[in-house]
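Open the structure in your viewer and keep the selection tool at hand. Each stop below says what to select next and what is there.

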Amino acid sequence: MTAEWNREDLARLLALEDFSEIYAQADEVQRREKRDVVQIRAILEFSNCCRRRCRYCGLNAENPRVTRYRMSVQEMKEAAAEALEAGYRTIVLQSGEDPGFPAEDIGEVIRFIKQKGAAVTVSCGEWPSEVYAYWRDCGADRYLLKQETADPALYGSLHPCGTLAERVGCLRELKRLGYETGSGFMIGLPGQTLDTIAQDLLLLAEIPCDMAGIGPFLPHPDTPLRDCPEGGSELTMRAVALARLLLPQCNLPATTSLGVLSGGARRSVFSCGANVIMRKVTPEPYKSYYEIYPANLGRTEVRRERAELEDWIRSMGKTPV
Ligand code: SAH
């Protein structure tokens with residue numbers, strides 16, 4: 001039945017007065033497909049240099065207030081090793097879109113992590129197919145590249161340096177190369193409607209994505225969108241629940257931005273379809289310079305944060321992995 005939903009159906013469902021039935025269905029599908037496991041992933045933000053000018057992002061190339069950094073290969077290996085010792089089984093290597101960071105250096109870190117038996121997700125933006133193929137050869141398992149919005153006109157207005165067609169082209173190429181491919185989008189972008197979100201959900205299904213990060217837009221004070229209202233957590237959770245029904249096996253993170261909004265009350269997001277959570281393992285001072293959106297970040301304490309997260313997941317009757 002869900003496979004037959006079209007754009008109008010999805011927009012109508014998102015607007016329902018009472019969404020509890022859909023949440024219950026999403027929870028049931030999540031339990032069937034993912035049992036009670038919550039996957040924990042470590043994210044290492046190794047460079048905040050970026051050539052793009054995405055109007056919502058604090059790291060956009062035109063923001064002069066960012067202290068730019070690039071971690072060395074040695075620093076990246078040390079941070080990854082610390083995360084693995086703390087129990088993480090997946091490292092997400094994320095950065096701005098930074099052509100100044102040698103692809104070979106990223107390749108070396110991918111090989112280092114793979115040798116230690118963990119999985120690697122890369123999230124470094126748009127690159128030529130040869131680079132994606134090279135990182136895959138180095139052992140990268142997954143790639144995260146969000147569509148951001150499936151409306152081509154809205155995409156164009158938010159991204160002076162790229163088109164939706166190019167973004168989707170990259171996602172298809174990543175699939176072709178055998179990556180577990182992750183996309184996703186923001187909720188509450190200025191000009192977005194429920195119909196846009198319906199389009200977003202259908203694009204996830206069309207690719208089809210193996211992972212999808214759906215999170216609220218949070219205005220950053222040093223960007224052109226500083227005065228726009230933030231996205232809603234209820235609408236975000238509705239979109240996550242519908243994504244679970246459209247793509248039963250998809251890995252759906254409870255995004256960090258949703259955590260910022262709900263002040264850590266992410267209990268409910270694990271009962272509406274999400275099954276993954278990420279934790280920053282970026283060492284100081286770099287972590288505080290990687291400000292995509294405003295967030296009150298504490299000091300990085302990899303071991304303690306991992307242990308606390310595991311306890312919290314167990315307190316919900318779920319199993320952290
Ligand atoms: N440079 C990489 C990584 C992007 S950062 C790339 O281009 O893929 C990860 C995600 O943060 C983005 O894909 C976007 O969805 C999200 N993001 C950026 N700015 C945001 C904001 N102001 N509010 C909420 N999410 C934001």
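This is a predicted model: local features need pLDDT of at least 70, side-chain atom pairs count only at pLDDT 80 or more; totals for chains, interfaces and linings use all residues.

Residues are numbered from 1 along each chain as its sequence is written, and side-chain values use heavy atoms, with hydrogens and water left out.

**Stop 1: the ligand**

Next, look at the N and O atoms. Which residue has a polar backbone atom 2.7 Å from a nitrogen atom of the ligand? Select L218 to find that backbone atom. At Y56, a backbone N or O atom lies 2.9 Å from a nitrogen atom of the ligand. R167 takes part through its side chain, with an N or O atom 3.3 Å from an oxygen atom of the ligand. The ligand taken alone exposes 560 Å², and the protein buries 90% of that (accessible areas come from the Shrake-Rupley method with a 1.4 Å probe).

**Stop 2: salt bridges**

A salt bridge here is a side-chain nitrogen of Lys or Arg within 4 Å of a carboxyl oxygen of Asp or Glu. By this rule the count is 27.

Select R31 and D36, which form one of them, with the closest N and O atoms 3.3 Å apart. R31 is partly exposed at 40% relative accessible area, and D36 is partly exposed at 26%. The terms work like this: buried means under 20% relative accessible area, exposed over 50%, and partly exposed in between (1.4 Å probe, protein chains only).

Move to E301 and R304, whose side chains meet in a salt bridge at 3.1 Å, N to O. E301 has a relative accessible area of 35% and is partly exposed; R304, at 38%, is partly exposed too.

Then select E310 and R306, a salt bridge with an N to O distance of 2.8 Å. Are these two buried or exposed? E310 is buried at 18% relative accessibility, and R306 is buried at 4%. The two sit four residues apart in helix 12 (residues 302–315), so about one helical turn separates them. Elsewhere, salt bridges that share partners join R51, R52, E97, E126, E148 and R167 into one network.

**Stop 3**

Helices (H or I, at least four residues) and strands (E, at least two) are DSSP runs, numbered from the N terminus. Select I207, in the loop between helix 8 (194–206) and strand 6 (211–216). I207 is buried, at 9% relative accessibility. Leaving aside neighbours within four places in sequence, I207 is in contact (heavy atoms within 4.5 Å) with L171, R172 and K175. Its C-alpha atom is 17 Å from that of T196, 11 residues apart along the chain.

Finish at A198, which lies in helix 8. A198 is buried, at 0% relative accessibility. Not counting residues up to four places away in sequence, A198 touches R7, L10, A11 and L14.

Notes. A polar contact is a pair of N or O atoms within 3.5 Å; within protein, one must be able to donate a hydrogen and the other to accept it, and residues adjacent in sequence count only if both atoms are side-chain atoms.
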